[in-house]
Every structure is written in structure tokens, then in C-alpha cells.
Amino acid sequence: MDSRLNDLPLDHVAVAVRSFTDTLPVLERLTGARASAPERVPAQGVEVCFVGRVELIRPLDGNNGVARFIDRRGPGLHHVAYRVEDVGAAMTALESEGYEFTSARPMTGAGGHRIAFVHPRSTGGLLVELVERG
């Protein structure tokens, strides 16, 4: 990978769930952290909340990637997110090295942050999110 993208800081780890009800209390007890208020992200078809650096991601309906993920694999680790200064520049650099993305341009994620997902077929099966926090 291009040295400009080495040593990216971990932003969060996302867990796909059917409902927040069962998982939130467990994570709150385990970590001692309080969950953030749930936030709907209509562009992604999900609702999310955070407990520390763990993002719980719940599909709003059965017609999106997170719902299909849960149907195929059950609840569990969905993606790992790294923080970048400029999502567009990171996409360009990674594309020049042969990485593929799930979209042609950055999208809007939770908190209004610009995001992009590196396609799992480019990473040996792991969905990687790039997050630009401004």
C-alpha cells in the first residue's frame, strides 16, 4: 500500500445486529461506556449507535447490504473503519494500487462524515471503511 496510507488510525469496528435491544446492554456492561443515541442514516439504509469505538449497525429494512449480510451470516463483525484526512484522495491512491470500492465516490455516513467502503474482494474478504472526520 502507498506509504501515505500506512499506519491509519482505527476509527471503529462495526457489528451488524438485527436489533439494538439485546446487544447494547451487554456492551455497556462490558465496557462501562454509555451508548450514543441511535442515528438513522437513510442513505445507507441503516440505523447506528456507538458504544465507545464499537458501532452497532441495524438495517432499516430487508433490502440493503447489511440486511443481506445478517441473512447470510447472522449478526457479527461487519467492517473495520480507518480514519483518513481526505476520503477522495485515499480512494484515488488505493484505486491506483488495484483496490476496488463499493461506490465510485465518497458517501455520507453517520454524523455526516464522508465515507467510502473498500470492496471485500480487494481485501481478502474484509469490508474496510474509510472515514473522514472534519
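Predicted model: local features only at pLDDT ≥ 70, side-chain atom pairs only at ≥ 80, totals over all residues.
Trainee: Why are β6 and β7 called paired strands?

Mentor: Two bridges join β6 to β7, and strands pair if DSSP finds at least two bridges between them; therefore β6 and β7 count as paired, and they run antiparallel. Residues are numbered from 1 along each chain as its sequence is written, and side-chain values use heavy atoms, with hydrogens and water left out.

Trainee: What makes β6 an edge strand?

Mentor: β6 (107-108) pairs on one side only, as does β2 (39-41). The open sheet has eight strands in the order β2-β3-β4-β1-β5-β8-β7-β6, with mixed pairing. Strands are DSSP runs of E with at least two residues, and helices are runs of H or I with at least four, both numbered from the N terminus.

Trainee: How do you know that β7 and β8 pair?

Mentor: Five bridges join these antiparallel strands, and the criterion is at least two, so β7 and β8 pair. Ala116 stands opposite Leu130 in β8.

Trainee: Why is β7 called mostly covered?

Mentor: Four of its five residues are buried, where buried means under 20% relative accessible area, exposed over 50% and partly exposed in between (1.4 Å probe, protein chains only).

Trainee: Which residue of the β6 and β7 hairpin takes a positive phi?

Mentor: Gly111 does, near 70°, in a hairpin with five residues between the strands.
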